[in-house]
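Student: I would like to go through this structure with you. Can we test each label against its cut-off?

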Amino acid sequence: MNLKDSLGRATGKLKDKALSAAFSAFLKDKVAPYGELVDLSLDSKAKSVEALVLLKGEAEAVRLVLEKYDFVEKDGRQWLILGPMFCSRPWLETLINDLLDQTLDQRRLDITDHKLARILAGIL
């Protein structure tokens, strides 16, 4: 491995840490009614997100994994396209994926929150 590759990897990891922190801060209040966001890590190269959430009334944190995402701009609108979600609780995994399939057209989420759009734009 050469120096350029090493620097590229280090820069990517720093970028992912910064974006993970920003995304965690954004999601903290959104998760609060259901529990606490314990940890969140984003991998911009693999385009995946992993989170640990301690749901109210639960003794152990639930592990959630968004296996793939994409962020696109089309017709002046910004979209987050969500891939499959996996969860350490099978029933919750089924519920989440069913809700995403039923409520979002082609799993596309229209990003109207400018703060979130700036965070997501940094992922690309």
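Student: What covers the buried residues of α2?

Tutor: The cover includes β2 (48–55), β3 (62–66), β5 (77–82) and β6 (85–87). Helices (H or I, at least four residues) and strands (E, at least two) are DSSP runs, numbered from the N terminus. This is a predicted model, where local features need pLDDT of at least 70, side-chain atom pairs count only at pLDDT 80 or more, and totals for chains, interfaces and linings use all residues. Residues are numbered from 1 along each chain as its sequence is written, and side-chain values use heavy atoms, with hydrogens and water left out.

Student: Which residues of α2 are buried?

Tutor: Leu 92, Asn 97 and Leu 100. Buried means under 20% relative accessible area, exposed over 50%, partly exposed in between (1.4 Å probe, protein chains only).

Student: Why do you say that the buried residues of α2 line one face of the helix?

Tutor: Seen down the axis of α2, they fall within an arc of 130 degrees, so they line one face. The arc is that of the directions from the helix axis to the C-beta atoms. On the other side of α2, Pro 90, Trp 91 and Gln 102 are exposed.

Student: How many residues does α2 have, and how far does α2 reach from its first C-alpha to its last?

Tutor: α2 has 14 residues and reaches 20 Å, close to the 20 Å expected at 1.5 Å a residue. The expected span is 1.5 Å times one less than the number of residues.

Student: Why is Leu 99 called partly exposed?

Tutor: Leu 99 sits in helix α2 (residues 90–103). Its relative accessibility is 42%, so it counts as partly exposed.

Student: What makes Trp 91, Leu 95 and Leu 99 a patch?

Tutor: They form a nonpolar patch on the surface, with about 320 Å² of accessible area together. Patches take residues with over 30% relative accessible area and no salt bridge; like charges are joined within 9 Å, nonpolar side chains (Val, Leu, Ile, Met, Phe, Trp, Tyr) within 5 Å. A salt bridge is a side-chain nitrogen of Lys or Arg within 4 Å of a carboxyl oxygen of Asp or Glu. Accessible areas come from the Shrake-Rupley method with a 1.4 Å probe; for residues, only the protein chains shown count as cover.

Student: Why is Ala 18 called partly exposed?

Tutor: Ala 18 belongs to helix α1 (residues 3–31). Its relative accessible area is 49%, so Ala 18 is partly exposed.

Student: And what is the relative accessibility of Ala 21?

Tutor: Ala 21 is at 47%, so it counts as partly exposed.

Note on methods: Contact means heavy atoms within 4.5 Å.
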